[in-house]
Amino acid sequence: MIMGAAGRDFHNFNMAFRDRPDCEVVAFTAAQIPDIAGRIYPPELSGVLYPGGIPIVGEEELASLCRDRAVDEVVFAYSDVSHEAVMHHASAALAAGADFTLLGPRSTMIAAPVPIIAVCAVRTGVGKSPLTRWLSRRARTAGLKTAVIRHPMPYGDLARQAVQRFASAADLDAADCTVEEREEYEPHLALGNIVYAGVDYAEIVARAAAEADLILWDGGNNDFPFVRPDMLVVLADPLRPGDEARYHPGEAALRMADYVVVAKTDVADPADVAAVERNARTLNPGAVLLRGRSPVALSDAAAVEGKRILVVEDGPTITHGGMSYGAGFVAARAAGAASFADPRASAAPEIAGTFGRFPHIGKVLPAMGYGPSQLEALAATIRASDAEIVVSATPCDLERLIDVGKRVVRATYEFEEAGPPVLAPAVDALLQRIAGAR
């Protein structure tokens, strides 16, 4: 049995179990993401050994299935979970009589025929995608054609989503992408980057490599890459000091890193920045350590000053990422917002359920939109708010998806190195070597 959330679980199966006649995968369990249980991992993806596909069941069925099917091994494939939570899952598997396994890079990384730069992080919401976009701009300046491969988010028809290629907003619409997917894909498309994602990453890597000189792995959550990188850059977050050593598999990613970027140093407490740097040096003394920042810009700061604001933040950062607020709140406060509307007061039932599951959230609204009903609940929550202005820090264009009934000011942020350049010259040297080898 493989425990997951429609991401690494499928990848681990594809890499380690799909064509093995000595193993039977009886089920995937699903958690974290709404409505991803009750599906089938389809035979088009599961292979000839599974003509009926593989059931995807709720995590609450783990113990009973282990006993009923005499499961020998439970493979854990969640990301962005605390070390304590990992061992609680392990205890449940062991109590049901199964072994508990974590698959590592040697078992799961794909070797690509073109160079790979991978960007990962110790937690969700540290700033991986802005750094990946920064890398893509440098690659374009070096004359390299780049493909971005995103960590998976296949929440719909898995067979249809086996290999996804996005080059335009129309591609996102055709694929019925969720808000979470659009948050990750839209900023890349705005830069002219081709984005790949899906389920079958061996095929995804092959297709991306066929049209690119360089692949950028834009990691999700705090997972380590599905591809074997030539350069691995991992971000750590001084707004959550200590998490670099408390979460799986983020700590593993940090220990593997070639470069560790302590992000958000422009808004973090200097003592927390120093604490994260000390931890990073202890966990990975061989990595190059540097500082980064992500300055936030508002599309119309004057419209925010003196107004009552509803802040919409990047969904995963605020929910399972554990942040009580994000870039939108910081930007609105800096722009002189008079007050902040509490979205709980206007929350539609489905959004109220999200606040109930994540009680750490402050006066911000996570951009939830995993399906049409949740997207409409998000719109209803915004429309019913007593805010005068909406500050939207989700990287996707909410107004293109829903009618919020209010003026929207967008908050955007990009990566910069803080202090003398360290990463830029190393990246540029690698890019020049790649360009020279073409």
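Colleague: Which residues of α14 meet which residues of α15?

Modeller: In this predicted model, E350, I351 and T354 of α14 meet S373, Q374, A377, L378 and T381 of α15. Contact means heavy atoms within 4.5 Å. Helices (H or I, at least four residues) and strands (E, at least two) are DSSP runs, numbered from the N terminus. The residues of this contact divide into three nonpolar, four polar and one charged. Here Ala, Val, Leu, Ile, Met, Phe, Trp, Tyr, Cys and Pro count as nonpolar, Asp, Glu, Lys and Arg as charged, and the others, Gly among them, as polar.

Colleague: How are two packed helices described?

Modeller: By the angle between their axes and the distance between the axes. For α14 (residues 349-357) and α15 (residues 372-384), the axes come within 7 Å and cross at roughly 90°. The two helices are therefore roughly perpendicular to each other. Angles under 35 degrees count as roughly parallel, over 145 as roughly antiparallel, 65 to 115 as roughly perpendicular and the rest as oblique. Axes are lines fitted to C-alpha atoms, for helices over the stretch in contact, and angles run from 0 to 180 degrees between N-to-C directions.

Colleague: At what angle do the axes of α6 and α17 cross?

Modeller: At roughly 50°, with the axes of α6 (residues 128-141) and α17 coming within 10 Å. That makes α6 oblique to α17. L131, W134, L135, R138 and A139 in α6 meet L423, A424, V427, D428 and L431 in α17. This contact has eight nonpolar, no polar and two charged residues.

Colleague: How do strands of a sheet pair?

Modeller: Through backbone hydrogen bonds, either parallel or antiparallel. Two strands count as paired if DSSP finds at least two bridges between them. Here nine strands form an open sheet with mixed pairing, in the order β10-β11-β9-β12-β8-β13-β15-β16-β23. Its edge strands, β10 (163-166) and β23 (416-418), each pair on one side only.

Colleague: What joins β8 to β13?

Modeller: Five bridges, and the two strands run parallel. C120 stands opposite V234 in β13. β13 also pairs with β15 in the parallel sense, over four bridges, and V260 in β15 is the bridge partner of V234. Helix α17 (residues 423-437) lies across β8, β12, β13, β15, β16 and β23, running at about 155° to β13.

Colleague: Is β13 enclosed or exposed?

Modeller: Six of the six residues of β13 are buried, so the strand is largely enclosed by the rest of the structure. Buried means under 20% relative accessible area, exposed over 50%, partly exposed in between (1.4 Å probe, protein chains only). M231, V233 and L235 point one way, and L232, V234 and A236 the other way.

Conventions: Residues numbered from 1 in each chain as written. Predicted model: local features only at pLDDT ≥ 70, side-chain atom pairs only at ≥ 80, totals over all residues. Heavy atoms only, no water.
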